[in-house]
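Hi,

Here is the structure I promised to pass on.

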Amino acid sequence: MPAQHCFPRLLAAVLGAALLTMSVDASALSRRDQAAVDAITARMEAAETAYKQALVKMGNADPAGSGEADKALEDMEDVVAACSGQRGCSVPSLLSTYKRLLKLTADIEGSDLLFDELPPGTAGHHITSFAEDVPEAARAAALLDDDGHRFDRMVQYNPAVQEGIRRWLTDMRGALLTSYENYQYMRHLMWPQYERAGLPEALLFGILAKESNGRVHSTSRAGAAGPLQFMYATGKRFGLGDDGTGFDTRYDAYAASEASVSYLNERMRELNGNIELALAAYNGGEGRALRVYQGAGGKGFWDADVYAQFPPETRDYVPMVIAAAWLFLHPDEYGLTLPRVDPKPAQLRLEQPASIYQLTICLGNRGVREGYMRALRNYNPRYQADDRLPAGTILQATTRIAGLYKRQCIRGPRADMARELVASDPGRAIK
C-alpha cells in the first residue's frame, strides 16, 4: 500500500487504540512489563528514523524510498497494535511521533522543517509532490498541530504587533469575536483555497477581520467591496466583477477567497515570500510595495527605510492583520474565549414568501449572540436583507438554521409576529 494511503489508516489505528487503553502508573509495572514497554518505544523510534531516511531517498529521486516509507508506516501500525495489548504502554504517547511525521510530510512545502534535515543539494520538489498526494494527512496534521504554527515563523512578533493585539483585546474585542463568528460560518467557502495554495489559515482570518469583520456586503469609501475588500480594477484582474446577472462577485466569499489567494501568491513571488510586504501591497498598492522592496535592496517591512515609505494606514494595517492572525492561533494565551459556532452547511427552501429580515426575527438568537442575519446574508450575497423572496427560493444556510425555520418560521405565533413586523408601515402611525 502506498505510503500516502497508510497515513489515514495509521491515524485510525492510533486513535482507536487510544480509546481502548488506560494509563498505568509506571511505578506499578513489573520489570517484564517495563522492558516490554521500552522495547515498543524503541521500535517506534526505529520506524520513525526509517521513515525519515526514506524521505531523504525520495528527495534524491531514489526509487527505493517509496517502498521503505511504506514499510516504516506498516511497522508503526504493528507497534500501535502491540502497545494496545501491553500493560503500561500509553498509545496517546505514540501520537507525538505520528504527529512529527505528519508535519514532516504534510507541511513540507511551506516549511524548512524537513529540508534542515536533508543533505545539501537535495531535490526537495520530489518530496513536495509526495506531500501533495496526502490531503488527509495534511488536514490531520493541522488538527494535531497545537504548538508548531508555521505562521508564527513567517512573521515578526514585535511591539507593533503587540500593540495590535492590545487593541483587538480591548476596544476592538467585540469586532474580533464577531469576525471569528462570521468566519466560522464561511470557513468551508474560503479556507479550502488557502489550504490548497499552502497559505496559512491565520493569514486569511487576519485579513478578513481587519478588512470587513467578516461581512460580505462591506464597502469602503474608496470603492473596495466584499469580505476581502477588493478594489474594482484589482478584482477584475483576478476574475471578480459582474457575473452577467448584475451581481458583483467581489461580494461572494468563495470567489473573493480564490482571488485573494491568486493575489497574495503573486505578491509573495515578487517580494521573496515576505508576508508583511505582501500585506503592505494588499493595502497600500502592489506597485508601491514592489518599488520600495527593490529600492531598499530586499529589506523587510520593519526596516526603517522601508517602513517610512508606506502611508500611515498601511503601517497600521500590517501589524493589525498579523495581530488578529496571532490571536486566532493563540487565544488561550491571551484569555480569549472564541465563540462556539455550528456551521454545518445546509439548504433552506422557503415554503412561503419571506425576506432575510423576516427570517432573522422568527429564527431568534438562542445560543447565538447576534442572531442569524449575518450568516444568512453572508451565505446569500445576491439578496438584500429586505428583498421579498418568493416561495420555493433556495437559501444557503446551516442545519441549525434550517431546523429552526421549520419549527418557528412557517406557522405559529413567532412566524405571524415576524410577518407583521416586516410589513409594518410607520406612516400609518400618524393620525
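This is a predicted model: local features need pLDDT of at least 70, side-chain atom pairs count only at pLDDT 80 or more; totals for chains, interfaces and linings use all residues.

Numbering starts from 1 along each chain as its sequence is written, and side-chain values use heavy atoms, without hydrogens and water.

There are three cavities of 30 Å³ or more. A cavity here is a set of points on a 1 Å grid over the protein atoms alone where a 1.4 Å probe fits but cannot get out, and lining residues have an atom within 4 Å of a point. Volume is the space filled by probe spheres set on the points, which are joined across faces, edges and corners.

The largest cavity comes to about 60 Å³. Its lining includes Thr178, Tyr185, Glu370 and Arg374. α9 (173–197) supplies the largest share, four residues; helices are DSSP runs (H or I, at least four residues), numbered from the N terminus.

The second largest cavity holds about 40 Å³. Among the residues around it are Gln352, Leu359, Cys362 and Tyr405, and helix α17 (residues 356–363) gives the largest share, three residues.

On packing, α13 and α14 meet at about 140 degrees, with axes 7 Å apart. Axes are lines fitted to C-alpha atoms over the stretch in contact, and angles run from 0 to 180 degrees between N-to-C directions.

Cheers

Methods. Helices (H or I, at least four residues) and strands (E, at least two) are DSSP runs, numbered from the N terminus. On a 1 Å grid over the protein atoms alone, a cavity is a set of points where a 1.4 Å probe fits but cannot get out, and a pocket is an open set with protein on both sides within 12 Å along at least five of seven lines; lining residues have an atom within 4 Å of a point.
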